[in-house]
Amino acid sequence: MMDSKDGNFIAKGLEISGIVQGVGFRPFVYRLAGRFNLKGEIANTSSGVSAHIEGTQSDVDAFLTDLKEKGPPLARITDIMVKAEPFRDLEEFVIAKSRSRKYGSTLISPDVSICDDCLRELLSPRNRRYRYPFINCTNCGPRYTIIDNIPYDRPNTSMKHFQMCESCQAEYDDPANRRFHAQPNACFDCGPRISLHDSVWKEMDTPDPISQTAALLRQGYILAIKSLGGFHLAVDAENSKAVVRLRKRKHREEKPLAIMSYDLKKIQEYAHMDQEEEKILTSPQRPIVILKKREPNSISGEVSPRNNYFGVMLPYTPLHYLILGHGFTALVMTSGNISEEPIAVDNDDAFKRLSSIADYFLIHDRDIYLRSDDSIIKRTAGVIQPIRRSRGYVPAPILLKDRIPRILACGAELKNTICLTKGNKAFLSQHLGDLENLSTFEFFQRTIDHMKRILGIEPEIIACDLHPDYLSTRYALEQDDVKKIQVQHHHAHIAGCMAENGLDGDVIGLSFDGAGYGPDGTVWGGEILVAEEGKVLHRATISQVPMPGSGAAIREPWRMAVSYLYDTFGDEIWNLNIPFMKELDKEKARVVIEMMRKGINSPLTSSLGRLFDGVAAIAGIRNHVYFEGQAAMDLEMMAAENIEEFYDYEWSSEGLYRVMVQIVIAGVVKDMKKGVKPQIISAKFHTTIIKMFSHLCEIIRTESGLNRVALSGGSFQNSILLWGFIKDLEGKGFEVYSHRLVPTNDGGICLGQAVVAAYSAS
Ligand code: ZN
Ligand code: ZN
Ligand code: FE
């Protein structure tokens, strides 16, 4: 017992907010208090955790330091308030009952990969959960995908169907246990189970479904496997026949397929990685990381054709470890859907939708309430870029520099995500997909309702794109009793980049992508803006050309090639002595030129993405694509290194700088006539874009005095462009900002929409 008369003893009250519930925070504090001989109590409150501690000054100080620095892996403290409290001379430290049932502003943890402790138990024959596919604890396991409502308690999760056995309950009730209040706690006796089914849903009679699954994969079968945020379709990545069959059945022609390996050593066999990439691969988020291929390698050439990279991840559920433990170099683990539909999550739904693809189904009976795709990260020259921010990251908030109103931002169309804001936090949803079909649109609506419920946010403002035909715009404009703000696409890109970098005031923004609706109704995508959150000025653009056939011009880059060539050479186009013209279907080309002349279904565009497509086609690389941006990606992949040359460029200026694209196209054609290799042409073209736009940045700096440049838009997924611009602009003394927290593509644009709406409204 402490002596209250001894002046060395002090008492403090703590209010801690952030992700501090359901992540083992109270047991951590309990143990920490024990270590420093502190007495007092801790409880969950509506806004986080509140504690009272008593002890010597030095013990309290040491406790506070460790509290901030040594928290459990999933906890994320956003704020600690410490105040002096009366000394009560308490005799022990206790975990008190929760003070309120309204958990309004606590944060919900993302789903987390299996932790090291659970993995050790999973693989140790003497543990009672040896090889149990759903082992978890307060440091790991499902969260976001199994929560239906708040507070985060078992009855509000899909674990409500499982009654804990005595042993599990004892762990759950013991503050010193790693599974104290671990909501998904379970074991063989009381928890979820797996079962293996054939393609007509008949359960297979096998004592060991996992070994059977591994054997089937070995034989080249396609398995649908229920994971954490949805179904995967799996095949042995070294078996080309199996990979080809999967591609055919899934209608996925050439887009790279993600693969999963047991550990870093296995990945080392077929891909290069550095320490940073290893760190991302092994992080609790366990995203897919884009890694440079090691040549030669044993992975089927069909996994990532015509691409220098593999998308690789480590196992993140106990089930993955048990399957991969059967000696595979890698398994293809691609999302369980047909082409662009949302991934399947329910067993019945999966059987219905995937039975034409999968030969067998490895399923379980723990429901997934909210699907969440695997996240994708790419590291380019020191910049960590999320390509897709989803499982493992959602719904952890992006912190904003100011408090803003409650806003729902609906995103754009492709790679859609939505954003809800509250105070200084922006919550982005998981990847929802391309809003082009009814099933994705339903998923979009369901996710909005779900997130509003679990985050307790009722928006005052709805933000959306300017494009009148996007389903996300239509949804936004149909909502009643709420203020609506439409945000220009490229302004939103730049504002998003500013928001995640905490920037204030005007910046020069390079906003480069495939397509975004301009205020004049044309298709923008190669723009320099001078922007702050609430205001924007258009400063430079690429001279516009028609997109003959609109959507068809995206799927068929040869149409863009004809458009640029006709724009540059007029009727001389027929006399151009280059392979592209020789191989061109003249009849089709004439129809396309007629369309452009008459302005039929040929919207004008200044898109950099389309320019890449056009140049790829002119250079003979690709006339048709299987997914948006494929031609541009091919052009990037083949670029020769260490080429200093670039094409001539020029612009006109009448207030707005207009890059004359004809001069660049003429340069490319001249090289083609000379028989210059496409590798060289690609490199020169990349350098031209970098030189030209960074030159324009210098001019705009002189005019405006602005020295900060924000890079945003899907084109910055191109590593040569991203790295090239950073190097060139920093070399000229600019401060350069790019995306690190949300995708630079339209998957991050909802953040910018929210921020623009917040500042336009005030
Ligand atoms: Zn664990
Ligand atoms: Zn149990
Ligand atoms: Fe965009």
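What arrangement do the four donor atoms around the iron ion (ligand 3) make? In this predicted model, the arrangement is irregular, because the angles subtended by the four donor atoms run from 85 to 172°. A tetrahedral assignment requires all angles to lie between 85 and 135 degrees. The donors are His489 (NE2), His493 (NE2), Asp513 (OD) and Asp746 (OD). They coordinate the iron ion (ligand 3) at 2.1 to 2.3 Å. Along the chain, the donors of this ion follow the spacing H-x3-H-x19-D-x232-D.

His489 and His493 both belong to helix α13, which spans residues 489-500. They are four residues apart, about one turn of the helix. Both side chains can be described by their accessibility. His489 is buried, at a relative accessible area of 0%. His493 also counts as buried, with 2% relative accessibility. The cut-off for burial is under 20% relative accessible area.

The zinc ion (ligand 2) has a cysteine site. Cys165 (SG), Cys168 (SG), Cys187 (SG) and Cys190 (SG) coordinate this ion at 2.2 to 2.3 Å. Here the arrangement is tetrahedral, because the four donor atoms subtend angles of 104 to 116°. In sequence, the donor residues are spaced C-x2-C-x18-C-x2-C. Cys165 lies in the loop between α3 (116-122) and α4 (166-173), and Cys190 in the loop between α4 and β6 (194-198). The pair therefore ties together parts that are 25 residues apart in sequence. Cys165 and Cys190 are both buried.

A helix pair was examined next. Helix α18 (residues 608-618) packs against helix α20 (residues 661-674) at an angle of about 20°, and their axes are 10 Å apart. The two helices are therefore roughly parallel, since angles under 35 degrees count as such. Their crossing is right-handed. On α18, the contact is made by Leu611, Val615 and Ile618. On α20, the contributing residues are Val661, Ile665, Val668, Val669 and Met672.

Ala540 counts as buried because its relative accessibility is 0%. Leaving aside residues up to four places away in sequence, Ala540 touches Gly526, Glu527, Ile528, Leu656, Tyr657 and Leu696. Ala540 and Leu696 are separated by 156 residues in sequence. In space, their C-alpha atoms are 8.0 Å apart.

Definitions and conventions
Residues numbered from 1 in each chain as written. Chains lettered and ligands numbered in written order. Predicted model: local features only at pLDDT ≥ 70, side-chain atom pairs only at ≥ 80, totals over all residues. Heavy atoms only, no water. Donors = N, O, S within 2.8 Å, 3.2 Å for Na, K, Ca; no water. Tetrahedral: all angles 85-135°; square planar, octahedral: opposite > 155°, others 65-115°. Buried < 20%, exposed > 50% of the residue type's maximum accessible area, 1.4 Å probe, protein only. Axes fitted to C-alpha atoms, helices over the stretch in contact; angles between N-to-C directions. Parallel < 35°, antiparallel > 145°, perpendicular 65-115°, else oblique. Left-handed = near helix turned anticlockwise from the far one by under 90°. Contact = heavy atoms within 4.5 Å.
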